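Dear colleague,

I am passing the structure below on to you, together with some notes on what was found in it. Please look through the sequence and the model before reading on.

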Amino acid sequence: MLINRIFSGSDAVYGLTAEAVENAISQHGEDKAVGFPHTAYCLPCYYSVTGVKVKTLGELREALTVVKSLMTREHELEDALMSGVATALCAEFIEALKYLDGAVPYEEPCYGHLADSVIRELGVPLVTGDIPGVAVILGSAPTAQEGVDLIKSYQAQGILVTLVGGIIEQATELGLKMGYNLRIVPLGKDVTSVIHVVSVALRAALIFGNITPGDAGSLLSYTAERVPAFVNAFKPVDDVILAAGAGAIKLGFPVISNENENIVEVPGALIACPNVADFNKVSLEARNIKIKITNIDIPVAFASAFEGEIIRRGDMQVEFDGSRVDCAELVQTKEMDEVEDHKIEVIGPDVDTFELGSKHSLAYVVEVAGKKMQPDFEPVIERKFHNYINCIEGVYHTGQRDMFRIRISKDAYEAGFRAKHIGEVLYAQVKNEFEAVVDKCQVKIYTDPAECTRIRHEVAVPAFDRRDARLETLTDESVDVYYSCILCQAFSPSHVCIVTPERLGLCGAVSWLDAKATNELDPAGPCQIVTKEKPIDENLGAYEDVDEAVKKFSQGALEHVTLYSIMQDPMTSCGCFECICGIEPFSNGVVIANREYAGMTPLGMTFPEMASMTGGGVQTPGFMGHGKHFIGSKKFMKAEGGIERIVWMPKELKETVAERLNKTARELYGIENFTDMIGDETIATDPETLVAFLTEHQHPALSMEPMM
Ligand code: SF4
């Protein structure tokens, strides 16, 4: 019965797809281009499953015959599940047709197709458990309130929630704030739009897992084992939804439903749950998702899902703005007897006395003590403040040090949020995350303007200057050890980063000091000490001990890695890199593109296309993923001549890295304003124009030794 219903749903979707493809061909012709924007994978689901890139309507018609061959009818469960996969592929075809001719078929609040860059961004939060799972909610809840309560329950746990169908209208009706930054992503109102989340899961396998497109067995094991997704389908579950659900089950994503008619449970895969209020618990158990509980004594919610929440001027109660008045945030190491654990002090007036919409000074000093605490950990802890404060519902933080801005929303204020609650959050999170080094912690919150000025100029700025001076002296040569990081192996099983003072992890989030702190906090954890006592070639950054470490931590997948070369045994990429750098043969240099850049590069490739050349823990000479900060490093491509090889990068990235990059160029080669010699998209997006520009500006790469 269940199997017959899946077959019937699958047949119906196949019929609709075949008709839609034929209609499109009669209207536009077989050669008409088809595909989704901002992806290097054409029709990503079909490409992942078959290894074939479909680029035209004619090829789409051929692909349909392949899809048909998956729809076997032996009346076994496996046939039904494969028909589910075929249904998913048909859904992808139908959705792709919506994007013909560069159309923008989805409008707010719906997203439709999600770009490759979104998946790369999701990599780190998924492996760190910051996003513990992905929920796909389908259909209309019995009542709008029940639907919204379910969404919010996942949001409060940090789960990424995608919505398909009637639930979107229900959420809109109750005024739920939605958007990628709030981890609530309405995909589309048609059931076929569910394919956009499936596409994310399958591209994750290609990007992070180094799965060969077409290796359907490995693909399905990857999604089942490493993508923590599940489906919540509201009744009525018709044959089409059931067929789509069968596809989800084949990917390893359990389907939880309140449907009780014409349906039989499949243990662990298709689960009946009559009460929508129980969906959350049942789904998490079915997918074995563990939620880290953070209980903090504040009157609003605290969850990673609020990290991207933006408080607009009209919604804010008060603002603290370091660019206008004196602000500072600081961690200070103290002696044990100087710290009273969990003491939160507010020095100055509280938010109650501030006028609605007004701007004020704020300084908070987190004083910590512990036997294993080291001043080197202060900036590591401090850098987390941005994330901690942003996780408070209705509170928004940008910037750092003495240039931050915090907004408290009217809603948070109404709920009772006050200055001391910032202290409660900082205390709880510092103790929670740094318990191995912080034994005691107290927080002083200054709102008195004169005190803020004193703290900023007499305490914080001198501390920042001291730290910067120390960081300047931290070089690869000045330390005795490097660190490995294998955090991304949850997705990219053979990837290992070697983190050095002058080369941070390619995600941009793990510096040498971070790795050192991580190792002290969790000696058996993802960051291990890597000695550098047996150099092979210091110009390449090749060491026997580094090779031994990567071999061990990649379980033998990698044998040699160099730290400073893009050509010889370059470091692997897991997929969540901030930037990708690739050789530009005409200018003898390299082009860099960052994840945020959506345009074309002189390589004739976009960021997603360049990024697809590497990733998944494999070495690809000529391409290298890296963090933004690495661009200004004296070790960037040192073996090939260093930063002098950089010939092009997006304007915005160039502006971000200019100060550091120009300083390095001045120190290494005596070149002033090096970034003026580097092209960007406003100058050239093709090699000929780029080379003409470089020639005019006498770019050094043109006269360097050939790289290839
Ligand atoms: S340092 Fe490397 S392995 Fe570690 S989180 Fe960043 S990209 Fe992943």
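A contact here means heavy atoms within 4.5 Å. In the protein chain, 74% of the contacts with a separation of 6 or more join residues 24 or more positions apart. Please bear in mind that this is a predicted model, in which local features need pLDDT of at least 70 and side-chain atom pairs count only at pLDDT 80 or more, while totals for chains, interfaces and linings use all residues. Residues are numbered from 1 along each chain as its sequence is written, and side-chain values use heavy atoms, with hydrogens and water left out.

Of the 708 residues of the protein chain, 57% count as buried, that is, under 20% relative accessible area with a 1.4 Å probe and protein chains only. Along its principal axes, the C-alpha trace of the protein chain spans about 75 × 65 × 45 Å.

The lining of the largest cavity holds 17 nonpolar residues, one polar and no charged. A cavity is a set of points on a 1 Å grid over the protein atoms alone where a 1.4 Å probe fits but cannot get out, and lining residues have an atom within 4 Å of a point. Of the 18 residues that line the largest cavity, L122, V134, L160, V200 and A201 lie nearest its centre.

With best wishes

Terms used: 1 Å grid on protein atoms, 1.4 Å probe; cavity = no way out; pocket = protein on both sides within 12 Å on 5 of 7 lines; lining within 4 Å. Nonpolar A, V, L, I, M, F, W, Y, C, P; charged D, E, K, R; others polar. Buried < 20%, exposed > 50% of the residue type's maximum accessible area, 1.4 Å probe, protein only.
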